[in-house]
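Work through the exercises below with the sequence and the structure at hand. Each task is followed by a solution in steps.

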Amino acid sequence: MPNITFLNPDGSRQTFDIAEGVSVMQGAVANSVGGIVGECGGNAMCATCHVYVDGSQVASFPPMSANEDALLDGTASDRKPNSRLSCQILVTEAVGGLVVELPERQI
Amino acid sequence: MTEANPLVIVGAGHAGFQLALALRQNHYDGSIKLVNNEPYAPYQRPPLSKAYLKGDGNLAPLAFRPKAFFSEQRIELIPAKAEAIDRGKKKIRLSAGAELQYGHLVLAVGARNRELRSPHEEGCIHYIRTLAETARLKERLLSARHVTVVGAGFIGLEFASTARLKGLTVDVIELGQRLMERAVTPEISQFFLRRHERSGVNFHFGTEVAGIERGGGDGRYTIALAQGKKIETDLVVAGIGVNPNTELAASAGLVVNGGILVDQNLSTSDANISAIGDCVVFPTPYATKPVRIESVQNATDQARCLAARLVGKGAPYRSLPWFWSDQGSDKLQIVGLTHDVDRTVLRGSPETGSFSVFCYAGDRLLGIESVNRPADHVVGRKILERGGSVDPNAAADPDFVLKTLLE
């Protein structure tokens, strides 16, 4: 299983093996990662699963949809060039080793 | 709260679960008991009418958290129904006869479906609120070819889309004259009517079910409409609204008026009892009268607000209401309370499948209804949260960039 590392705002990090086929948000929630809320359940409606993707990896992802792009303008913490909604990133072998930084706030 | 006087939460839906979670995130160290009267670990409801019915029936994605979370976080799940509150002794009585002492009690008891009262055989009408009833519906859908939906509200229409996607023929019966009449402006109703009709849904407006009888073939039913029309169907699903669960509060002498009445701090008329979620009527800066709101946003924001108060960081509940509904490939997002709308401004056009209705009372922006236009929704949310407005002429101008209002 691909592993994904969550970097908390306080500098601590957690790494989990996450099954392929679920979203990074679902994988985070299933492992009780506190910094991901996922209020709408992964429908790309709420922008509470905001993450900053490691700069060297962001370009290798499929491009974001117009919907995700719009929602990122509504995140509680500032949007950056490497901002993504983790409910829209599918866990595959290709994202193994991914490091995502969690923002200060999701709400 | 000590082990002898725990914090007791009645109801493990979105509000009850989120309260337990938010308390632990706020470093609340006391005992938490979560009374859950459903046969499943706490789960999310919005996917029931959509992803769950479409999918393979896997329950794991519905769970708020895996089972281990509850023991790790010392959130004790108590499988029971709360039957009575003894406010003097600060105890609740549970369905099995056991009693539970509380230091503080939170009612997150939700709402239940209004039931269709027309004459019908027991068990022939399906509802979509709990996982148990939706699981039963999912099973029945396997052998159905025609379904009839009573009520053209959010749940009925989400289900109608799901059923069409699964290849079923769908009829929708609505007492009113348009879709989602109590929740949205006519512009939105009209758009969704066209979308659902184009996907093959048949609508019957201004009529109701007079009765449902067995007939029309093996396991089928015949629905008689009030005007005499008849529909033969395999399955009937009703989504005709909900009633708040107020009996527990009312029988304990708490003030109830269309819901459990709470103040801006989400306290009931008893300082030792708070209430949150679909079951409460509460004051809000976004309406002139106290309101009751059925939404995930309201349930979870009230839970977070109350959690903060219970750890001594209280502030009045002032969250901006927002809602969403997925119907087929269309996303409807609503922000604000728009009942008092007297003027609407269209941004974008329904013909392109992407537009918003800006709702005003005079020149004051009350809220925005967006269809496949998430940018209007998220920017609108930020503007309204700041107490701002959008000039109606600017809202109607497609070249005006809303985001600039946030700078």
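The exercises cover strands of chain B in a predicted model.

**Exercise 1.** Find the order of the strands in the open sheet of three strands in chain B, and say which strands are at its edges.

Solution.
- The order is β13-β14-β15 in chain B, and the pairing is antiparallel.
- β13 (209-214) and β15 (230-233) of chain B each pair on one side only, and these two are the edge strands.
- From one strand to the next, the twist averages 20°.

**Exercise 2.** Describe how β13(B) is joined to β14 of chain B, and find the bridge partner of B:V209.

Solution.
- β14 of chain B spans residues 221-225, and five bridges join β13(B) to this strand.
- The two strands run antiparallel.
- The bridge partner of B:V209 in β14(B) is B:L225.

**Exercise 3.** Are the residues of β10(B) buried or exposed, and which of them point one way from the strand?

Solution.
- β10 covers residues 146-150 of chain B, and five of its five residues are buried, meaning under 20% relative accessible area.
- B:H146, B:T148 and B:V150 point one way.
- B:V147 and B:V149 point the other way.

**Exercise 4.** Identify the strands that pair with β10(B) in the parallel sense.

Solution.
- One of them is β11 (residues 169-174) of chain B, with five bridges. Here B:H146 stands opposite B:T169.
- β16 (residues 235-238) of chain B also pairs with β10(B) in the parallel sense, over four bridges. In β16(B), B:V236 is the bridge partner of B:T148.
- Helix α5 (residues 154-165) of chain B, together with β10(B) and β11(B), makes a right-handed β-α-β unit.

Definitions and conventions: Residues numbered from 1 in each chain as written. Chains lettered and ligands numbered in written order. Predicted model: local features only at pLDDT ≥ 70, side-chain atom pairs only at ≥ 80, totals over all residues. Heavy atoms only, no water. Pairing = 2+ DSSP bridges. Axes fitted to C-alpha atoms, helices over the stretch in contact; angles between N-to-C directions. Buried < 20%, exposed > 50% of the residue type's maximum accessible area, 1.4 Å probe, protein only. Right-handed = clockwise from strand over helix to strand, strands pointing away.
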